Amino acid sequence: MKWSFRLFSVVGTEVRVHATFLLLLLFVASQSYFSGQGHLVALESTLFIIAIFTCVVLHEFGHVTAARGYGIRTPDITLLPIGGVARLERMPRKPSEELVVAICGPLVNVIIAAGIWLAFGIDAVFHPGYDFLKSGDFFEKLMVWNIFMVVFNLIPAFPMDGGRVLRAFFAMFMEYGAATRRAASIGQGIAMLVAIFMLLSHTFQPMLLLICFFIFMAAGQEAATVTQQEATRNLRVQDAMLTDFRSLPPDATLREAVVLLLAGSQQDFPVLDAGGGMQGMLTRHDLISALAEKGPSHPVSDVMRPCPASVQPVGGLTEGLDTLNASDCPAIPVLDPISGRLVGLLTAENVGETLMVRAALMKLRA
């Protein structure tokens with residue numbers, strides 16, 4: 001995710017923080033300080049936000065640990081002002097496995113809340129006038145927040161945890177794509193109802209409105225992804241790969257790459273050695289950035305990015321898309337399984353065009 005910075009890594013999963021999260025800390029500290037509460041209250045408020053997001057990281061690692069048990073990697077977790085986002089390579093297709101992965105996040109918050117209660121013997125009293133920000137000490141508020149996080153995350157608004165539990169339940173009785181679309185529609189409906197209620201009742205909450213927007217967009221995006229996976233289920237990589245492409249040798253200059261970029265519609269160029277072996281990928285973004293910083297005479301080999309992920313022509317297109325989405329490269333090499341030579345490139349644009357052509361032909365036959 002752009003504008004995110006690495007904090008640390010745990011068993012192959014990077015924990016990153018988005019720049020907007022730092023703005024949140026600054027806002028909380030300045031609001032406490034300039035409201036006349038003093039620097040100690042400002043420090044405590046900032047530490048409380050950090051404690052909250054520590055619980056968020058632990059929550060996400062609940063998902064990560066469960067997913068790892070099913071052989072699913074999680075490249076990174078990114079902290080945003082609205083919470084944490086764990087980027088799993090894929091979600092389990094079996095309903096029972098998705099149910100476990102979804103529920104393990106809130107389960108961590110249950111354990112944290114229970115641990116605080118057992119350690120400090122806190123007796124939090126909930127009533128209609130309960131004010132979370134003004135009631136109780138630091139650990140009582142942290143316990144209450146973890147309880148709130150469990151309840152909030154189990155709201156059946158896909159793609160939140162509760163929505164994924166709902167999708168897993170639907171998938172037990174219907175096809176996975178239909179279950180996803182139904183859960184996504186319910187999630188978008190809940191987000192719209194909450195947003196409309198806030199507007200009509202004049203109880204405007206910017207953070208809650210942002211969460212509603214995130215749920216609405218993320219639900220639609222995930223439903224579209226699953227629909228795409230359904231469309232590619234019976235296709236091979238060779239059916240959608242780009243075969244008419246240009247490549248560069250490692251000793252080529254950025255000037256030569258610019259000539260290729262301007263000569264056609266290809267945006268990303270594989271860098272091949274004399275034997276046709278894949279050395280890396282020069283993307284349009286990296287080319288333009290390096291051109292401005294280092295000049296046209298700079299060698300391509302210093303700018304190309306490694307692309308360790310690859311697919312084979314006879315591999316399933318659905319699995320190929322999963323590999324592409326998990327890669328840092330906008331195009332991944334398609335290698336011949338015998339010679340190891342590059343025979344094509346798999347890009348999202350080419351896959352999209354293949355599906356459009358396929359849909360048009362199917363409509364013609366109908």
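Visitor: Which residues do ring pairs link into a cluster here?
Guide: Ring pairs join Phe-48, Phe-120, Phe-138 and Phe-139 into a cluster, where rings of Phe, Tyr and Trp (its six-membered ring) pair if their centres lie within 6.5 Å, and planes under 30 degrees apart count as stacked, over 60 as edge-to-face and the rest as tilted. This is a predicted model, in which local features need pLDDT of at least 70 and side-chain atom pairs count only at pLDDT 80 or more, while totals for chains, interfaces and linings use all residues. Residues are numbered from 1 along each chain as its sequence is written, and side-chain values use heavy atoms, with hydrogens and water left out.

Visitor: How many aromatic pairs are there by that rule?
Guide: The count comes to six aromatic pairs. One of them is Phe-148 with Phe-152, a stacked pair at 5.7 Å centre to centre and 25° between the planes.

Visitor: And where do Phe-148 and Phe-152 sit?
Guide: Both belong to helix α3 (residues 138–153), and because they are four residues apart, about one helical turn separates them.

Visitor: Why is the Phe-169 and Phe-173 pair edge-to-face?
Guide: The ring centres of Phe-169 and Phe-173 are 5.2 Å apart and their planes lie at 65°, so the pair is edge-to-face.

Visitor: Switching topic, which charged end sits over the ring of Phe-48?
Guide: That is Lys-141, whose charged end lies 5.3 Å from the ring centre of Phe-48; the rule asks for NZ of Lys or CZ of Arg within 6 Å of the ring centre and within 35 degrees of the ring normal.

Visitor: What about Arg-182?
Guide: The charged end of Arg-182 sits over the ring of Phe-170, 5.6 Å from its centre.

Key
Helix = DSSP H or I, 4+ residues; strand = E, 2+ residues; numbered from the N terminus.
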